[in-house]
Amino acid sequence: MPRFNIPAEDAQGPLVVGIDIGSGGTRAAVYDVSGREVGKLQHKETHSFTSADDGTSTIDADQVVAEVRTALEAVLHGTDLPGQVLAIGVDTFASSLIAVDAAGRALTPCITYADTRCQHQVDALAEQLDVEQLHERTGARLHSSYTAPRIAWLREEHPEVFARTARFMALGEYIAAQLLGTPALGTASAAWSGMIDRRSGDYVPELLDAVGISEDMMGRSMDPSDAVPVSGTELAARFPQLEQAVWVPVVGDGLAANLGIGALGPGTWGISTATSGAIRQLLNTEIPTLPSGLWAYRVDQQRTLVGSAMSDCGRVLDWCRQQLGMPYEIETLDTQTLFAAPPSAGTPLMVPFLSGERGTKWRGGARAVMANISASTTWQDMLRGAMEGVALSFLRIADQMREAGGEPERIVLSGGMTGVVPAWLHLLSDALGAPIDHVAISRSTMRGAAVLALEQAAPEQAVAEAPVLRHVEPVAAHQDYYRERLERFEALADLA
């Protein structure tokens, strides 16, 4: 995918550094005031999660701190920068948790979003608390990805660790504590804990009581404007280029993904089509009643990130490659003809919950179902039906997004799956009944962290617009087909 960079000799200051910590590695890069990577000043340290059959999914937090140091060393050491670095933006995979002792040392590995060992505590909290009222207040569901059930799990399963814990930190907060001496927790990252009020930014007392902790054991949520000066810290001593910079409190990768592809304002939806999928929108207005299938994460005093996600997007395409007897190298197939063809009532209908349902009804035990298959059904028919099913999964979310924030003025989309089969955008555009701009920038989440840093370094400067690779318009005559399909999809999903 395009790097969207600028030669160092053409770059203009002020500069910022973007740091992105994902499931596959830690990246850092230098960006100029336009939001483009400067030359080749980027570096990645690879890593992977430790997982086990019991639902474990962790990574060593101190290893990630070391990776950040190494990545910064690679992009800053011995470099003649074409300007002054004024801010550092950081995003991490969302919903992480580390138990930390009074000396600031990690007592546990970083528990990632994929860790499901606290499912019993999810169920217990759901019986104890008003789940619907909690969703309306926090903008989050009770789920194994969130912080409260994980703290309850630590208290019940590892009481000796719980007793020694002075603070619970998100990964980016812990990194800031180690590098700056200040545990800078961004409001957007705190919101991903599922424990703060989406309107006030305060922790919800009922949740704190339910898991047996006090508010001072959680980090204070900090808006992006609450940036921490780097001057006088270990980081400045090691990297003099950062002496005048501020460290913007960490945010989750969902927000960074939207910012990175240009979904900056309330009129734009950002759609991600990777292994999982999501629709997200930054809203500046109050959402009086949050639709039941959406989450809403406070970003700062003005903005809220609203959206929902699905576990199975690109994973559905991978399943088709492996299970349908089709040629594995899908790039060699004429998917343009397959996906741009008019819809047919004979196409199989698939509810693609291979990994359970997240948005919109949050039924984790649901599984995939396919119907309308006959002896004459081909693998091409089933592939088309599977990808229509992914489009319908997005449509379910889109309907609730319109309920929360109205009709979008623009939809921008990125993701590896669409890069592999760009023709499937015909299905998605028809299902949503809206045009889509396919934007492809490599490392878009890291760019999003840099864009957030530029809000602090150059607030009056508009960043360059991400290039559009393809624009797809919907076929109005196809929308009735998808509406009828959605009714059947929902009926079939109830059986899944």
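In which sense do strand β16 and β17 pair, and over how many bridges? The legends below concern a predicted model, and the opening view gives the reply.

**View A. Strand β17 and the neighbours with which it pairs.** Strand β16, residues 268–273, pairs with β17 in the antiparallel sense over 4 bridges. A hairpin of 3 residues leads from β16 to β17. Within this pairing, S272 has A278 of β17 as its bridge partner. Strand β19, residues 304–310, also pairs with β17 in the antiparallel sense, over 7 bridges. Here A278 has A309 in β19 as its bridge partner.

**View C. An open sheet of 3 strands.** The strands follow the order β5-β6-β9, and their pairing is antiparallel. The edge strands are β5, residues 50–51, and β9, residues 110–111, each of which pairs on one side only. Strand β6, residues 57–59, pairs with β9 over 2 bridges. T58 has I111 in β9 as its bridge partner.

**View D. The aromatic pair of F93 and Y113.** The structure holds 10 aromatic pairs. One of them joins F93 and Y113 in an edge-to-face arrangement, with 5.9 Å from centre to centre and 65° between the planes. F93 lies in the loop between β7 (85–92) and β8 (98–100), and Y113 lies in the loop between β9 and α2 (119–128), so the pair ties together parts that are 20 residues apart in sequence. F93 counts as buried because its relative accessibility is 1%, under the cut-off of 20%. Y113 is partly exposed, with a relative accessible area of 33%.

**View E. The aromatic pair of Y481 and Y482.** Y481 and Y482 form an edge-to-face aromatic pair, with 5.0 Å from centre to centre and 90° between the planes. Both residues, Y481 and Y482, are buried.

**View F. An aromatic cluster.** Four residues, Y146, W192, W295 and Y297, form one aromatic cluster.

How values were computed. Residues numbered from 1 in each chain as written. Predicted model: local features only at pLDDT ≥ 70, side-chain atom pairs only at ≥ 80, totals over all residues. Heavy atoms only, no water. Pairing = 2+ DSSP bridges. Phe/Tyr/Trp six-rings, centres within 6.5 Å; stacked < 30°, edge-to-face > 60°. Buried < 20%, exposed > 50% of the residue type's maximum accessible area, 1.4 Å probe, protein only.
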